[in-house]
Amino acid sequence: TGGDALMSSDKSLETILNGICDMADRKRKANKKRAQGKKYAEIIRVRLGTRLPVYLPQRITDELIHLLTDFRIKAQKAGIRQFVIQTHFESPMELTPESIRAISMLQEAGWLVTNQHVFTTAASRRGHNAKLRKSLAEVGILPYYTFSVKGYMENSHNFAINARAMQE
């Protein structure tokens, strides 16, 4: 939360993912010795939020895919069962051949790809959200949720009223 996971270098991302895997493994092992009701919550899902498949799809390299695939295999042994890349497509026009290729690579690595749509003024034009969801579905991206921007002064120009969300 609060940043783009794929902005990290491969080496930095690998360090973070290995830390998550180690934590999941430690919790799982510790729970074997703990009484029912005293067990630690285990890690079942890793979700990486990123807009890079949209505006810099070249970041999705063979090396990154290798890293994500290796992590998934290792993490499954530690009990993690869900691997999600959450994208942020805002318009069907952002589904370029390059972004579709990047999404395909992530999916082939065994990661589910979802989309968080930020419902802004620009994205609230009649039918725009429906077209985006249809376009995403065609490439196997699942809508995760639609985020409605709050109308604070610093972003009031992006605020789409709730009535528009209901129409959409």
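1. Basis of the note. The structure is a predicted model, in which local features need pLDDT of at least 70 and side-chain atom pairs count only at pLDDT 80 or more, while totals for chains, interfaces and linings use all residues. Residues are numbered from 1 along each chain as its sequence is written, and side-chain values use heavy atoms, with hydrogens and water left out.

2. Overall architecture. The chain contains 6 helices and 4 strands; these are DSSP runs numbered from the N terminus, with helices (H or I) of at least four residues and strands (E) of at least two. Along the sequence, the elements follow the pattern α-β-α-α-β-α-β-α-β-α. Of the contacts between residues at least 6 apart in sequence, 81% join residues at least 24 apart, a contact being heavy atoms within 4.5 Å.

3. Surface and burial. The chain has 168 residues, of which 40% count as buried. Here buried means under 20% relative accessible area, exposed means over 50%, and partly exposed lies in between (1.4 Å probe, protein chains only).

4. Length of helix 1. Helix 1 covers residues 10-31, and its 22 residues should span 32 Å at 1.5 Å a residue; the end C-alpha atoms are 31 Å apart, which agrees. The expected span is 1.5 Å times one less than the number of residues.

5. The buried residues in helix 1 are L13, L17, C21, A24 and N31. They cover an arc of only 95° around the axis, so they are on the same side of helix 1; the arc is taken from the directions from the helix axis to the C-beta atoms. K11, T15 and R26 are exposed on the other side of the helix. The packing partners of the buried residues are strand 1 (45-49) and helix 3 (62-77).

6. Strands 1 and 2. These two strands pair in the parallel sense over 5 bridges, where pairing requires that DSSP finds at least two bridges between the strands. G49 has Q86 of strand 2 as its bridge partner. In a regular strand, side chains alternate between the two faces of the sheet. Strand 1 has V46 and L48 on a covered face, and R45, R47 and G49 on an uncovered one. Strand 2 is mostly covered, with 5 of its 6 residues buried.

7. Because D10 belongs to helix 1 and R59 to the loop between helix 2 (52-55) and helix 3, the pair ties together parts that are 49 residues apart in sequence. D10 is partly exposed, at 23% relative accessible area, whereas R59 is buried at 15%.

8. K11 is exposed, with a relative accessible area of 59%, and E14 is partly exposed at 33%. The side chains of K29 and D25 also meet in a salt bridge, at 3.1 Å from N to O. K29 and D25 are 4 residues apart in helix 1, again about one helical turn. K29 is partly exposed at 49% relative accessibility, as is D25 with a relative accessible area of 27%.

9. Residue E94. This residue lies in the loop between strand 2 (82-87) and helix 4 (97-108). Its relative accessibility is 18%, so E94 counts as buried. Leaving aside residues up to four places away in sequence, E94 touches R51, V54, H88, F89 and S99.

Conventions. Salt bridge = Lys/Arg side-chain N within 4 Å of Asp/Glu carboxyl O.
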